[in-house]
Amino acid sequence: MRKTIVPVTAEIPEIRAERRPWLDLEYIAHVELSSEDPEYPFENALKDTSLKSWKAATSGVQHIKLSFDKPQAVKRIHLQFLESSLERSQEIALYAWAEDQPRKELVRQQWAFSPNGSTSETEDYYFDLRRVRSIELRIDPGRHDQTAIATLQSIRIG
């Protein structure tokens with residue numbers, strides 16, 4: 001018998017969640033977008049190797065809603081944002097709809113981008129959601145500046 005003694009820590013669920021494969025969103029979900037720059041389509045944010053991100057066509061608050069063909073278990077949502085040229089404050093919020101349940105806010109986060117400091121925001125959230133029908137990401141790219149354009153470098157759901 002081979003044994004490994006693994007001490008119980010807060011990191012154990014995260015380690016296990018990281019090993020879970022990402023959902024193939026291109027094939028199992030439909031996306032609704034409030035706007036999209038044709039040069040920066042949402043599919044860019046689904047690819048690991050994309051040099052381009054998704055970008056809104058209009059300024060202000062944007063909504064990205066992913067609706068799954070079949071209910072999914074969601075254990076992790078990984079988001080990455082890049083902003084290398086502008087100083088701005090951004091707020092994001094994640095929502096989920098489980099089967100036969102109303103919309104639930106999962107998290108709300110603010111971030112300040114600075115070309116001379118923080119140019120990248122990476123958020124890695126862990127959940128234990130079951131029978132999820134939809135996930136929505138709301139991006140307020142400028143908080144009080146309604147001229148800012150939303151971008152999303154990558155989104156992964158597992």
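Colleague: Which residues does Ile157 touch, not counting residues up to four places away in sequence?
Modeller: Please bear in mind that this is a predicted model. Ile157 touches Trp22, Leu23, Leu25, Leu66, Phe68, Val74, Arg76, Ile77 and Ile135.

Colleague: How many residues has the largest nonpolar core?
Modeller: That core has 32 residues, and Ile157 is among those with the most contacts inside it, together with Leu79 and Leu152.

Colleague: And which elements give two or more residues to this core?
Modeller: They are strands E2 (54-59), E3 (62-82), E4 (88-98), E5 (104-113), E6 (120-140), E7 (149-152) and E8 (154-157). In soluble globular proteins, nonpolar side chains tend to be buried together.

Colleague: Let us change topic to His78. Is His78 buried or exposed?
Modeller: His78, which has its place in strand E3, counts as buried because its relative accessibility is 18%, and buried means under 20%.

Colleague: With which side chain does the side chain of His78 make a polar contact?
Modeller: The partner is the side chain of Asp124, at 3.1 Å. Beyond its neighbours within four places in sequence, His78 is also in contact with other residues, including Trp22, Thr122 and Ser154.

Colleague: What joins the side chains of Tyr126 and Asp124?
Modeller: A polar contact of 3.5 Å joins them. Tyr126 lies in strand E6 and is partly exposed, with a relative accessible area of 27%.

Colleague: How many residues apart in sequence are Tyr126 and His78?
Modeller: They are 48 residues apart in sequence, while their C-alpha atoms are 8.7 Å apart in space.

Conventions. Residues are numbered from 1 along each chain as its sequence is written. This is a predicted model: local features need pLDDT of at least 70, side-chain atom pairs count only at pLDDT 80 or more; totals for chains, interfaces and linings use all residues. Side-chain values use heavy atoms; hydrogens and water are left out. A nonpolar core is a set of buried Ala, Val, Leu, Ile, Met, Phe, Trp, Tyr and Cys residues joined through side-chain atoms within 4.5 Å. Buried means under 20% relative accessible area, exposed over 50%, partly exposed in between (1.4 Å probe, protein chains only). Helices (H or I, at least four residues) and strands (E, at least two) are DSSP runs, numbered from the N terminus. Contact means heavy atoms within 4.5 Å. A polar contact is a pair of N or O atoms within 3.5 Å; within protein, one must be able to donate a hydrogen and the other to accept it, and residues adjacent in sequence count only if both atoms are side-chain atoms.
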